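Thank you all for coming; I would like to walk you through one structure this morning, slowly and in two parts. Please have a look at it first, and then we will go on together.

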Amino acid sequence: MNPEYARHPIRVLADYALKGAVVLVFVFPFLWMISTSLQTFRETMAFPPTWLPASPQWQNFVHAMKAGPFLTYARNSVVVTASIIALQLVVMIPAAYAFAKYRFPGRNALFGLVLLAFMIPGQVTFIPVYLMLADWGLIRTLLPQILPFLSSAFGIFLLRQYFMQIAEEIVEAARLDNASEAKIIWRLMIPMSTPALATIALFSFVSHWNDYFWPLIMTDSNAVRPLTLGIAMLRETEGISNWHILMAGNVVLVVPILIVYLFCSQQIVKAFVYSGIK
Amino acid sequence: MPSRGWWPLLRPYVMIAPAMAGIGLFVLYPIFYLIKLSFYKYNLMNKAKSKYIGLDNYHQIFTRGDFYQALGNTALYTVGVVVCTMVLSLLAALWLKRKSRWNRIVQAGIFTPHIVSIVSIALLWMWLMEPNQGLLNYLFKLFGLPPSAWLQSSKTALLSVILVSVWQGIGYYTLIIVAALQSIPPTIYEAAALDNASRTNVFFRITLPLLSPQLFFILVIMTIGSFKVFDTVQVMTGGGPNGATSTIVYYIYQFRTTNIGYSAATGVVLMAIIGLLTFLYFRLLARKVHYQ
Amino acid sequence: MASIEFVRVTKSFEKSSVIDNLNLTIEDGKFTVLVGPSGCGKTTLLRMIAGIGPQSSGEVRIGGKDVSRVPPGKRGVAMVFQNYAIYPTMTVRDNIEFGLKNNRVPKAERTRLVETIGATVGLAGYLDRMPSTLSGGQRQRVALARAMVKEPSVFLMDEPLSNLDAKLRAQMRIELIELHKKLGATFVYVTHDQVEAMSMADTIVLMNEGVIQQEAPPEDVYRDPANLFAAQFIGVPPMNVGELGIDGVRFGFRPESADLAVLSGAERELAAAAAGDPIRPGAGAPKPAGADEARYAFRGRIATREMLGAETLYQVRRDGEPGASFMVKCFADRFAVDQEVELEVPADKLFFFDAAGDRIRRDHPAHDAYVAALCSREPAHA
């Protein structure tokens, strides 16, 4: 805000200390989770708490993973998330292009529906959607976790904004170069909007990989459950006091994302900020 | 070439068709279905036995204490989360807005919980809030404070859930406000400095108005998000103890198999509340928002 | 090659029509410049030829054939855009090649064409660079090469030089004239800059508010403007215009058509007296010896002086009289600010316009009467 005047060294030091403390508040719980996941039951029950395990109990992970069909859960998570991202991109790119670059009767009204869909949470519509999918006999497949996310209103909105920023003349030049509309999208629009597409894909990945509510509603057998549900179910299978096992399961769910975050936190942060500002 | 005639006219509709089909099928149609369901006593086993009962479900909602308890909890939760997150993330953003390596690290740090599944967050905090072996009560003891029952007492359970939500959400909103702060042209502040404006004056007359579009956006997003809170409650407390943390969505969830019509009617009520809140925000606040 | 015809063309946006019932023929192989202020409809016409902003009604013909239903890529036209519209994610080579690929030109032929054109526009060493690494002038050349490589019969250019600095613009003007000579294609060039129009055009089509004001070679537009708008749009500074005071007629003369002379002491007194009592008869300055032809004379003070190098611009003004101010362009730099001067314009350099702004030419019955009225005015009279 103000030009930086020379500040007192104590204030500078206090500032750094406070920043360190804040980071600790947000990061320490995760470290604590990892530490617990490697402790023995006795160590978790000790008071005062055990900061570091005497010897890392790797078998906690084996134990947790044997508590349910975790390979199936993991496969389901991967298949569901990847399918959602792929389908969303395929559906959203032509739609965003049409909304951004064509004028046609009803365009604003139809785009209004997209915005409306953006405002209506799945927590409101889950009952009818479930009944519908049950009618179609899909409950024992992965489709109920994929199909409802086929068109991402958020993604269409964001990508349309991005396409609109691409100069009209570029599209016109390509039309004069006798390029088909499909080619304009494939050779120009997509390469020119990679930042937006990456943001949308990343956003989609994080929200569906982490999703709990929707699979909870839409699944009734382990064959179709994702990791989030598997981990949550450890509470029932392992009992609420086996914290070392619960945390081991938790580590399996969280650590992959944390590792990705560690290496590209700046891109992820940018993507989320970008999506928030638009 | 007859095809040239109608294809360009039809093309935009073909291109948006899959997207609109998805929205129509999974968002718009379910709304009508939901409203229809809310007028029925629905039989999951035998649809033919479902019975039209008019407004009975709604009548029941507004006469049942547990609905009001859920509604009250949700409102308290929303106010708590929105106010705390708003104030804290605004303060954090002002503190961290300068572009420096340290600030980036702190921002990345406080953002971490946002990319982690709410299930993990919930489990993790259940462990931290464990009354006997949990870390939080240990720290309380260390500082000479009486231990808290956290999630296991109806007095503190909702507060504990709010704490977790604020902890998880603060990073995201801080980042958005930081980005907004950084996009304010520095020349405005330089001009204010030349005009000898005080710090509070600069904040209330320049920073806050210029920030208002983002703050408004955050307010709407956060309110809607808070009103549909479910995951934390479902994992951490199961609505308990004694319904102290039951929220509307959890309430709907509870009746989703036993009394579908009633559950649907509650869904309609939730939708109406969210719509009303959004509308009110736009009516009351939109005028005060400064758009550049 | 290809001439271009607009037949009763109308273009409307959201109910308001920008161009209404317009007819125009652009000759084959000519360099035609559409010029006018912004919003006059010149770019709209260009986009109709390209097919990227089709007319609402009427016909556009290229080479005699109605192209209304022909898509842009199949019209045999190429366009250079104001912002160049270079594909930012493709190399220079891919940019130039894109149209050829879409038209299924064989690879060997493509490569040969790209290399040749690249060399012609001076991009030989840059073919594999990304556009973002090029300067403004180089991007301009990419846009040009991309248009040239398709060997179109019609070249459309939408203010292609407006993003360049003054020096590069002058250079590119000459290059475009040479390019036109070499290719012999029909060039249609849109600009709001009358200097570009004058320097490059075979034919100028001057437009205002969707209506063609004049369609003529540059020298004709300059020497024989069709109306007040044409007279004031072409020429720097624009034509001086004053009220004649009869029938709402206005007269005008070019700043370079006027002669300036310093008033002697006696004349100055007369001028002052006349200014104090404008109705006093017979106060006119004696006409210079041998000036048997009619002249318009005006006395005033030099208000500003702009030295432009070869020439100097003076603003001659009589204070307190609105409209009594004229620009004069002299090749001699002999006068100073605040000098009292007399300005004279020979009758054959005077233009007259009627109340609607249309030109009153020499063959008009009232023309001579207007000349007489103006030239008999007192030099100190407003």
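Before I come to a particular pair of residues, let me say that two strands are counted as paired if DSSP finds at least two bridges between them. Please also keep in mind that this is a predicted model.

With that in hand, let us turn to chain C, where 6 strands form an open sheet with mixed pairing, in the order β6-β7-β8-β3-β9-β10. The edge strands are β6, residues 77-80, and β10, residues 211-216, both of chain C, and each of them pairs on one side only. On average, and with direction ignored, neighbouring strands in this sheet are turned by 15° against each other.

In general, the strands of a sheet pair through backbone hydrogen bonds, and they do so either parallel or antiparallel. Which of these applies to β6(C) and β7(C)? The two run parallel, and 4 bridges join β6(C) to β7 of chain C, which covers residues 154-158. Within this pairing, V77(C) stands opposite V154(C) in β7(C).

Now to chain A, which has 15 helices and 0 strands. Its radius of gyration is 24 Å, whereas a compact globule of 278 residues would have one near 19 Å, and the C-alpha trace of chain A spans about 75 × 70 × 30 Å along its principal axes. Of the 278 residues in chain A, 44% are buried. Finally, if we take the contacts in chain A with a separation of 6 or more, 76% of them are between residues 24 or more positions apart.

How values were computed
Residues are numbered from 1 along each chain as its sequence is written. Chains are lettered from A and ligands numbered from 1 in the order in which they are written. This is a predicted model: local features need pLDDT of at least 70, side-chain atom pairs count only at pLDDT 80 or more; totals for chains, interfaces and linings use all residues. Axes are lines fitted to C-alpha atoms, for helices over the stretch in contact, and angles run from 0 to 180 degrees between N-to-C directions. The radius of gyration is taken over C-alpha atoms; the globule rule is 2.2 Å times the number of residues to the power 0.38. A residue is buried if 20 or more other C-beta atoms lie within 10 Å of its own, exposed if 12 or fewer, and partly exposed in between; C-beta atoms are placed from the backbone. Two residues are in contact if their C-beta atoms, placed from the backbone, lie within 7 Å.
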